[in-house]
Amino acid sequence: MNEHDERGTTMTGVDPGRLDDQQLMKELETIHRTRHDTLLYGSNDALRAHNERMAQLEGEYLRRNPRRTVAAGRTRDGARDRAAPCSPTPTAPPG
């Protein structure tokens, strides 16, 4: 098996576990930037490869950063708070 072969599937790029933190972030930024075009215009094979590579890179990031900061607005409760209708601000009775 060569370094680009993993369980019978061709792997694109370097094994994420071999990237340093800076390289991993650069790879993640690139794959996220190209995601939309791949979804809209890529072949089925290109989209499959993109999905696999993105999962590998994101999985490695999560493995390295299990206690990453999570913004409150990006949680289920935070999303519910954003969707809740705003109640009117009470005003003082005329007097």
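Which helix is Y41 found in? Y41 sits in helix α1. The notes below start with the model itself and come back to this residue.

1. **Ground rules.** This is a predicted model, in which local features need pLDDT of at least 70, side-chain atom pairs count only at pLDDT 80 or more, and totals for chains, interfaces and linings use all residues. Residues are numbered from 1 along each chain as its sequence is written, and side-chain values use heavy atoms, with hydrogens and water left out.

2. **Layout.** The protein chain has three helices and two strands. Their pattern along the sequence is β-β-α-α-α. Helices (H or I, at least four residues) and strands (E, at least two) are DSSP runs, numbered from the N terminus.

3. **Burial and surface.** The protein chain has 95 residues, and 15% of them are buried. Buried means under 20% relative accessible area, exposed means over 50%, and partly exposed lies in between (1.4 Å probe, protein chains only). The accessible surface of the protein chain is about 8,000 Å². Carbon and sulfur atoms hold 52% of that surface. Accessible areas come from the Shrake-Rupley method with a 1.4 Å probe; for residues, only the protein chains shown count as cover.

4. **Contacts.** Take the contacts in the protein chain with a separation of 6 or more: 53% of them join residues 24 or more positions apart. Contact means heavy atoms within 4.5 Å.

5. **The core.** The largest nonpolar core has six residues: L19, L24, L28, I31, M54 and L57. Helices α1 (21–41) and α2 (44–64) each supply at least two of its residues. The largest share, three residues, comes from α1. A nonpolar core is a set of buried Ala, Val, Leu, Ile, Met, Phe, Trp, Tyr and Cys residues joined through side-chain atoms within 4.5 Å. In soluble globular proteins, nonpolar side chains tend to be buried together.

6. **L57 in detail.** Leave out residues up to four places away in sequence, and L57 touches P16, L19, L24, E27, L28 and I31.

7. The structure holds six salt bridges. Each is a side-chain nitrogen of Lys or Arg within 4 Å of a carboxyl oxygen of Asp or Glu. One joins the side chains of R64 and D21 (2.7 Å, N to O). R64 lies in helix α2 and D21 in helix α1, so this pair ties together parts 43 residues apart in sequence. R64 is partly exposed at 22% relative accessible area, while D21 is exposed at 52%. A second bridge pairs R53 with E27, with the closest N and O atoms 3.5 Å apart. This pair also links distant parts of the chain, with R53 in helix α2 and E27 in helix α1, 26 residues apart. R53 is buried at 8%, whereas E27 is partly exposed at 33%.

8. R48 and E52 form a salt bridge, their closest N and O atoms 3.3 Å apart. Both lie in helix α2, four residues apart, about one turn of the helix. R48 is partly exposed at 40%, and so is E52 at 30%. D21, E60, R63 and R64 are linked in a network of salt bridges.

9. **Back to Y41.** Is Y41 buried or exposed? Y41 counts as exposed, because its relative accessibility is 65%. With L39 and L40, Y41 makes a nonpolar surface patch of about 360 Å². Patches are made of residues with over 30% relative accessible area and no salt bridge: like charges are joined within 9 Å, nonpolar side chains (Val, Leu, Ile, Met, Phe, Trp, Tyr) within 5 Å.
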